[in-house]
Amino acid sequence: MAQTRPRSKASAVLAGLAAAWLAANAGAADWPQWRGPDLRGTSPERGLPVRWSAQENVAFRLALPSGSGSTPIVSGPRIFLNVADGDTVFLWCVDRRSGAVTWKRPLGPSAGHAHRKHNMSTPSPVTDGQRVYVLTGTGILKGFDMDGRELWARDVQKEYGAFGLNWGYGSSPLLFEGMLYVPVLHGMKTDDPSYLLGVDAATGRTRFRVERPTDAQVESPDAYTTPTLVRKGASTEIVVTGGDVVTGHDPKTGKELWRAAGLNPGRESYNRMVASPVAAGDVVVAPSRVKPMLALRGFGRGDVTRSALLWSTDQGPDVPTPATDGTLLYVVNDKGLLWCLDLATGRAHYGPQRLRVGTYSASPLLADGKLYVINEDGLTSVVKAGTAFELIAENALDDYTLSSPAAAGGQLFLRTKGTLFAIGTAAR
């Protein structure tokens, strides 16, 4: 545990400025986790930009030392980035108004099971507005205050065994009511069981570690997914996908409450999962490896494979996680085919609709009546939200892109291999 130090005068001034900024921008929405404020790939922001380039309609650009699948996280006047630089992974804090780096903190080594679409900075940070938490692909989990003071640190692999995923660890932590949920879903390169880890966000201590059994074969136990929340009235469950199944868990204990099979009906050996679940109310949409994608009703008990199933489709994504406003579900596959489905029934309003030819790994953003979809070439298609397809604009940044876009304060934040772009007018 890090020692608490008195605040410097500079820190106090910065804290005062941050408080004033937050008071003046109380109506602005943050982007606190990988899939945004409601975990559905959506934002309530208005007045977001429609057209830009690498030179036009850019509030700032910040040079980055490497690419990453990690998404920018925005909290008030701060942007947090998980960054691999040389032989170390760092957490960066960036001033949202100027694009200047406020502080950098080392997390751990950047060496590990990396490949073109993954390095040790892949997991996205998460914040509650008071603290920021970050996980690396090597299993280093740390908590910081907003001034960059380390509060606690954990080494998940050292404590619980080596990660055994074929392509390296890439899940982002989920933060909910003071708990960090860290899934470790693996099996290709280990005989150790998969598990869900619950960590107290304030202290860094383990609240629970619950094994999550699976009979998936070869690479199919591996999942790179991030948990989500399903809600019904005042009740909430944690939903995890991977290892051929969907499971619902008690947020306080991690206990498995229900389980649905069906994500790998053919019992394929290489059915690893990348796209994460998304939920609206008590409906969970669970992608697999393209087919099938299932829609399930949460809050069942036991085996709900049949009883909870609302609909299924073989036109799901592999890598991009869908976005939903609670009524419509937008699905983009790796080839740039777009569907708009009715969330309740799975009926297609349109699709497959071809976007610009390319490879699509980033997850779409739904905000301000528009869907933002960026491909690996850095080209963002802006599509009108709704049941009829309408392409509004195409905007090129001409740089390799894996990171999903974020929205906050009337701006878009796009991370390419070499640059963080703040798109839109100066921060408000």
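Which residues does T136 touch, not counting residues up to four places away in sequence? Point 2 takes this up, after a word on the model.

1. **The model.** This is a predicted model, where local features need pLDDT of at least 70 and side-chain atom pairs count only at pLDDT 80 or more, while totals for chains, interfaces and linings use all residues. Residues are numbered from 1 along each chain as its sequence is written, and side-chain values use heavy atoms, with hydrogens and water left out.

2. **T136.** The residues that T136 touches are V89, L107, M120, P123 and Y169, leaving out those up to four places away in sequence. Contact here means heavy atoms within 4.5 Å. T136 sits in the loop between strand 8 (131-135) and strand 9. Strands (E, at least two residues) are DSSP runs, as are helices (H or I, at least four), and both are numbered from the N terminus. T136 counts as buried because its relative accessibility is 0%. The cut-offs are these: buried is under 20% relative accessible area, exposed is over 50%, and partly exposed is in between (1.4 Å probe, protein chains only). E219 is 83 residues away from T136 along the chain, and their C-alpha atoms are separated by 22 Å.

3. Strand 9 (residues 140-145) and strand 10 (residues 150-155) run antiparallel, joined by five bridges. Two strands pair if DSSP finds at least two bridges between them. Look at K142: A153 in strand 10 stands opposite. Four residues lie between the two strands, and in this hairpin G148 takes a positive phi near 90°.

4. Five strands form an open sheet in the order 1-28-29-30-31, with mixed pairing. Strand 1 (42-43) and strand 31 (391-396) stand at the edges with a single partner strand each, so one side of each has no neighbour in the sheet. Inside the order, strand 28 (residues 365-367) and strand 29 (residues 370-374) run antiparallel and share three bridges. L365 has Y372 of strand 29 as its bridge partner.

5. **Nonpolar cores.** The largest nonpolar core has 44 residues. Such a core is a set of buried Ala, Val, Leu, Ile, Met, Phe, Trp, Tyr and Cys residues joined through side-chain atoms within 4.5 Å. W52, I79, F80, L81, L91, L412 and F413 have the most contacts inside the largest core. Strand 5 (residues 88-95) gives this core its largest share, six residues. Beyond its neighbours within four places in sequence, F80 is in contact with residues including T71, P72, L91, W103, V132 and M146. Another core lies apart, with 29 residues, among them F176, L185, V210 and L296.

6. **Empty space inside.** Rolling a probe the size of a water molecule over the atoms shows where empty space is left. On a 1 Å grid over the protein atoms alone, a cavity is a set of points where a 1.4 Å probe fits but cannot get out; a pocket is an open set with protein on both sides within 12 Å along at least five of seven lines; lining residues have an atom within 4 Å of a point. Grid points are joined across faces, edges and corners, and a volume is the space filled by probe spheres set on the points. The count is one cavity of 30 Å³ or more. The largest cavity has a volume of about 100 Å³. It is lined by 15 residues, and W34, R35, L39, T226 and P227 are the closest to its centre.

7. **The largest pocket.** Its volume is about 600 Å³. Of its 23 lining residues, K117, T122, Y224, V274 and V319 are the closest to the centre.

8. **Backbone points to check.** Two peptide bonds deserve a look. The bond from K291 to P292 is cis, with omega near -5°, and P292 lies in the loop between strand 20 (283-286) and strand 21 (293-297). The bond from G351 to P352 is also cis, with omega near 0°, but P352 is found in strand 27 (residues 348-354).

9. N57 has a positive phi near 60° and lies in the loop between strand 1 and strand 2 (58-63). N57 counts as partly exposed, at 34% relative accessibility. E177 has a positive phi near 45°, in the loop between strand 11 (174-176) and strand 12 (179-184). E177 counts as exposed, at 67% relative accessibility.
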